[in-house]
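Here are a few friendly notes to read alongside the model. They take up the aromatic pairs and then one of the helices.

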Amino acid sequence: MNSPFFPWLKDSRLDGKTVTGDLSAALVVTLMLIPQSLAYALLAGMPAHIGLYASVLPLIGYAIFGKSPALAVGPVAIASVMTFDALIPFFEPGSSEWIAGGMFLAVASGLILMVFGFLRFGFIAALLSHPVMSGFVTGAAILIILGQIKTLTGIPVTGGTALQQLQQLLANMGDVNWVTLSVGLSTFLLLLLARRLAGRLFKLAGVRGLLLDILTKASPLAMIAIVTLVLVSTGYNSDTQTVGSIPTGLPTLMLPPISSAYNSLLISALLIGVVGFIESVSMARAIGRIRQVSTDSDAELRGLGAANLLSGLSGAFPVTGGLSRSVVNLDAGARSPLAGVFSAILMVAVLLGTGQYLESLPLASLAALIIVAISSLLDWHTLRECIRFDRADAAGWLVTFLGVLFFGVEHGIMLGIALSVGTVLWRQSRPHIAIIGRIPGTEHFRNVQRHRVETLDNAVFLRVDANLFFANWDRIREFIDQQARHLSNKGKVVLSMASVSDIDSTALEGLQELARDLNSRQIELSLCEVKGPISDKLKRVHLFEQVTLHLSNNEAFEAINRNVHCTKQVSEPT
């Protein structure tokens with residue numbers, strides 16, 4: 001096994017071009033990370049400065065074990081709202097116990113992911129199908145947006161499901177804080193304008209290259225700064241909530257204090273880690289395809305595990321790879337996780353020198369930032385495509401989406417996992433089984449319902465397009481029995497195994513029983529095109545003593561026609 005440390009060094013050369021690209025990307029991403037880290041800490045129910053803590057050591061931890069050349073690790077909306085959802089039954093938001101609970105979630109999630117990584121459990125990336133993940137993220141995005149409306153308007157909302165929050169917002173409309181609402185809406189509009197026009201305006205002004213990227217990505221921070229300056233200069237800052245005191249200095253490494261409530265948080269830590277990993281590895285694979293480097297899911301598990309472990313030890317909450325920041329990181333020229341290390345160094349400078357300048361930022365402006373950023377996660381396109389092509393996937397999307405809205409994030413994702421696994425079992429339990437025949441003048445066999453083929457009058461050729469296992473064997477056996485009823489004595493059932501790559505003990509026993517039952521009716525079972533690993537299993541149970549084996553469908557066809565003198569006929573497609 002290769003060393004788990006710095007796996008990206010195999011694909012990256014630490015030359016001047018790499019270092020320059022990573023440094024320029026770090027400058028751009030850090031300008032996004034400063035306001036986002038503050039906003040996502042508030043989303044997790046934490047004091048704002050803890051978001052800055054979550055943007056230092058986790059980035060270095062990922063660089064030690066992770067591999068993706070441009071995945072930007074740090075606080076993200078989904079992990080933050082899952083953290084809030086996990087802690088709210090036990091602690092008061094913002095309290096020392098709440099902060100300690102967030103630290104525990106990060107440490108526990110990190111340890112779980114690292115263990116999974118060293119055990120090579122990267123396959124869990126397939127635990128959630130894309131439609132289910134899309135439904136979960138879209139539902140969580142709506143839940144986040146609803147949760148931020150209270151901060152944007154000053155309307156008191158105690159939380160709960162989407163329906164409960166909406167009811168509270170409507171019932172308390174008379175409690176709007178008009179200063180807060182003005183700040184939030186003005187920031188929201190400025191952020192939308194910056195997103196749409198900043199890049200174009202800077203290009204028209206002749207700005208190009210790295211400076212264009214820096215100025216464009218810094219525009220949201222500039223918009224928030226403008227609103228803050230206006231608020232402070234007019235004296236209205238006392239009429240709305242602000243970030244408040246941000247301690248100057250670096251976080252102290254420590255373990256979270258022990259609490260009996262932490263036993264109830266273990267499942268939440270597992271879910272936060274798994275969802276964050278699935279979200280991150282999907283982004284890492286997209287980046288890998290663009291940069292033409294391989295993606296190691298096990299390395300990503302270890303990298304995200306180290307990031308979360310260090311986040312918890314530095315007094316912060318769970319982190320993962322951010323979608324928007326990763327896209328920016330890639331576009332800005334990041335070539336290795338060294339870009340994250342440079343971002344961490346820049347964030348250290350923020351913590352040591354500029355914290356006092358962030359204290360007057362209005363929370364309503366950060367809420368507007370969250371709403372603008374999270375709107376990109378609303379994925380209605382996947383639902384439309386699923387409705388067009390696969391109703392089962394559409395049902396999975398809708399059920400997960402509604403589960404998040406009506407039962408909460410944690411219950412929604414558990415429902416999504418159950419749906420993903422259930423959908424796989426449902427589909428595998430209903431395999432496609434074709435009656436096949438030979439295309440005249442060739443050795444090719446095709447479905448009798450789709451092609452004009454040759455068949456034999458006292459023999460039936462069947463092809464199962466799935467692996468054989470406990471969930472589908474009864475249906476396969478029922479179909480074979482139906483076809484065998486039409487055969488007389490000395491009939492032949494030929495089972496093509498070309499599409500079978502695996503078989504479990506239930507199906508093995510079923511094949512033995514099938515062979516015995518057919519033989520008792522003087523019908524012979526034949527197998528053809530059996531793959532090597534399947535053949536080895538069949539030999540171990542001595543099945544070849546009960547059935548006839550042929551290399552190909554055509555060999556079986558000719559042998560039956562020659563030895564039994566069956567009548568050959570041409571079947572027209574239906």
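1. Two rings of Phe, Tyr or Trp (the six-membered ring for Trp) are taken as a pair if their centres lie within 6.5 Å. By this rule, the count in this predicted model comes to 15 aromatic pairs.

2. One of these is the pair of Phe 121 and Phe 123, which is tilted, at 5.5 Å centre to centre with 55 degrees between the planes. Phe 121 is partly exposed, at 28% relative accessible area, while Phe 123 counts as exposed at 58%.

3. Do have a look at Trp 380 and Phe 401 too: their ring centres are 5.8 Å apart and their planes stand at 75 degrees, so this pair is edge-to-face. Trp 380 belongs to helix α15 (residues 380–389) and Phe 401 to helix α16 (residues 391–407), so the pair ties together parts 21 residues apart in sequence. Trp 380 counts as partly exposed at 37% relative accessibility, and Phe 401 as buried at 10%.

4. The charged end of Arg 302 sits over the ring of Phe 118, 5.5 Å from its centre.

5. Now for helix α9 (residues 209–234): its 26 residues should span 38 Å at 1.5 Å a residue, and the end C-alpha atoms are 37 Å apart, which agrees. Gly 235, with a positive phi near 80 degrees, comes after the helix.

6. Which residues of α9 are buried? Among them are Leu 212, Thr 216, Ser 219, Met 223, Val 227 and Leu 231. Their cover includes α1 (16–43), α8 (178–204) and α14 (363–374).

Definitions and conventions. Residues numbered from 1 in each chain as written. Predicted model: local features only at pLDDT ≥ 70, side-chain atom pairs only at ≥ 80, totals over all residues. Heavy atoms only, no water. Helix = DSSP H or I, 4+ residues; strand = E, 2+ residues; numbered from the N terminus. Expected span 1.5 Å × (residues − 1). Buried < 20%, exposed > 50% of the residue type's maximum accessible area, 1.4 Å probe, protein only. Contact = heavy atoms within 4.5 Å. Phe/Tyr/Trp six-rings, centres within 6.5 Å; stacked < 30°, edge-to-face > 60°. Lys NZ or Arg CZ within 6 Å of the ring centre and 35° of its normal.
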